[in-house]
Amino acid sequence: MSRAASSLTSDVAVLGGGAAGLSLAHRLAEVSPSLSLTLVEAPDGPLRPPERTWCHWHHDGDDDGLGEAVVASWSRLRVHGADGRAVTVDPAPLSYRMIRSPAFERLVHARLADSPRARVLRATAQEVRDTAGGAEVRCATPDGGTLSLHARHVFDSRPPRVLPPARTHLLQHFRGWFVRTGAARFDPAVADLMDFRVPQPRHGLAFGYVLPLAADRALVEYTEFSRAPLATEAYEAALDRYCRDVLGLGTVTVEAAEQGVIPMTDGRFARRAGRSVFRIGTAGGATRPATGYTFAAVQRQSRAVAAALRAGRAEVPPPHGRRSLAMDAVLLRALDTGRVDGPAFFTDLFRRVPAERLLRFLDGGTSLWEEFGVGLRTPVGPMLRTTLELPFLPRRPPSAPSTGGSHR
Ligand SMILES: Cc1cc2nc3c(=O)[nH]c(=O)nc-3n(C[C@H](O)[C@H](O)[C@H](O)COP(=O)(O)OP(=O)(O)OC[C@H]3O[C@@H](n4cnc5c(N)ncnc54)[C@H](O)[C@@H]3O)c2cc1C
């Protein structure tokens, strides 16, 4: 039997408590504590994604208030080419750091609990519609009731049901093991970002990824950029081979696993879903098409949204610049057509472009001139041909429904 409907009001409603929702709520509580804020988090069940790790580049001098949630960071990065040769780079003043979702959630919840005008609402957001003074979010509560949340501004991070039409639809899909080894096997100062010493699929590319957490513990992942995810057994087999034959880890204990699918598409994600309703996170195009990285863009965007609201404006700046998206569209198409050799492409970039510049490039923080320089270190002919062809290609809907960004 359903309960009577009740209602709540708030200046700001944030829908979804994942990377984007938590980040925005965190910034709003910090920057605009005078605004009342409701963070709507799905109750336990199928809408709540399993625990995840979010890694991103971080400028060592920048105190972004997330330190408590950082479980590891690396000052050196390594890429192994398919030929077995490694390149190790030091991207100072940037480092690569890992945040685990439960720690991040605890940090944000603690901040919201300290903020008299913020609340976390456990409910499933359903319809969202514009109203005279803002928007109404119809929610289902865990006790079977309904609730109507009225807010002046709504920021919706619920994963998109369908991805926008695009010229290229690839997926970054992976499974990772948190392993423990019998002896010290890892260097905790070095993260292996891409290790191409794995068999390559017929379409797309594959690599290993190793984030050491201690000398005998690491997150080891097998990742593909291709058109369709694998069955779990196929990831397990690939991980087993990688740990044994490439990393030589001997017997490992798998303590936990994470698996995911991240869309890599040049589709255009709308950032507005109504007069007072904005999309944020992957749903609003925050996932960088050619890398799948999202967390850093979400941090930038959250700061900008919080600063604008404090100044009395509701706006969501684009998560990535036009040039970054245009370059990613070319690379995605070049990879999808097989015109460029993925492992050679990425390995050469790390070998030939200074690390700090390359990471800024991947984060959309380089100048036009620097990007031109990076472009010259890619296979110019195939990239140019792809650039010329792109404007004539139709944007098509994806052949499979959206994965919603993550699943186990
Ligand atoms: C396993 C995995 C690892 C990743 N690692 C990285 C990484 O290292 N670095 C990086 O930059 N990116 C990474 N990504 C990509 C990206 O950062 C994540 O997908 C990120 O979680 C996207 O943030 P989001 O807020 O858009 O979506 P999510 O984090 O998925 O958040 C969406 C939220 O909406 C909630 N929700 C859904 N429906 C409803 C509803 N009806 N009502 C209320 N709430 C609802 C969900 O419970 C969820 O909390 C990873 C992705 C996966 C899947």
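Which residues touch the most other members of the largest nonpolar core? In this predicted model, the largest nonpolar core holds 102 residues, and those that touch the most other members are A13, V14, A25, V40, V137, V154 and V220. In soluble globular proteins, nonpolar side chains tend to be buried together. A13 illustrates the contacts in detail: leaving aside residues up to four places away in sequence, A13 touches T38, V40, V137, L149, A151 and V154.

**The sheet of seven strands**

An open sheet is built from seven strands in the order β6-β5-β13-β14-β15-β12-β16, and its pairing is mixed. The edges are taken by β6 and by β16 (252-265); each has a single partner strand, so one side of each is left without a neighbour in the sheet. On average, and with direction ignored, neighbouring strands of this sheet are turned by 15° against each other. Within the sheet, β12 and β15 pair in the antiparallel sense, and L171 has S226 in β15 as its bridge partner.

Helix α5 lies across β12, β14 (205-214), β15 and β16, and runs at about 85° to β12. Helix α5, which spans residues 322-337, also packs against helix α9, residues 380-389. How are these two helices oriented towards each other? Their angle is about 110° and their axes are 9 Å apart. Angles of 65 to 115 degrees count as roughly perpendicular, and α5 and α9 are therefore roughly perpendicular to each other. At their contact, V330, R333 and A334 in α5 meet P382, M383, T386 and T387 in α9. The residues of this contact divide into four nonpolar, two polar and one charged.

**The sheet of three strands**

Another open sheet consists of three strands in the order β3-β7-β4, with antiparallel pairing. Here β3 (53-59) and β4 (70-74) stand at the edges with a single partner strand each, so one side of each is left without a neighbour in the sheet. Neighbouring strands of this sheet are turned by 25° against each other on average, direction ignored. Helix α2, residues 101-113, lies across β3, β4 and β7 and runs at about 85° to β7.

The loop between β6 (86-89) and β7 contains P93, and the peptide bond from A92 to P93 is cis, with omega near 10°. The loop between β3 and β4 contains G65. Is G65 buried or exposed? A residue counts as exposed if 12 or fewer other C-beta atoms lie within 10 Å of its own; G65 has 12 such atoms within 10 Å and is therefore exposed. G65 and L107 are 42 residues apart in sequence, while their C-alpha atoms are 9.4 Å apart in space.

**A hairpin and the strand pairs**

Strands β9 and β10 form a hairpin with two residues between them. In this pair, D130 stands opposite A135 in β10.

| Strand pair | Residue ranges | Bridges |
|---|---|---|
| β4 and β7 | β7: residues 94-100 | four bridges |
| β9 and β10 | β9: residues 124-131; β10: residues 134-140 | six bridges |
| β12 and β15 | β12: residues 169-181; β15: residues 217-226 | ten bridges |

Key
Residues numbered from 1 in each chain as written. Predicted model: local features only at pLDDT ≥ 70, side-chain atom pairs only at ≥ 80, totals over all residues. Pairing = 2+ DSSP bridges. Axes fitted to C-alpha atoms, helices over the stretch in contact; angles between N-to-C directions. Contact = placed C-beta atoms within 7 Å. Core = buried A, V, L, I, M, F, W, Y, C linked by C-beta atoms within 7 Å. Buried ≥ 20, exposed ≤ 12 C-beta atoms within 10 Å, placed from the backbone. Parallel < 35°, antiparallel > 145°, perpendicular 65-115°, else oblique. Nonpolar A, V, L, I, M, F, W, Y, C, P; charged D, E, K, R; others polar.
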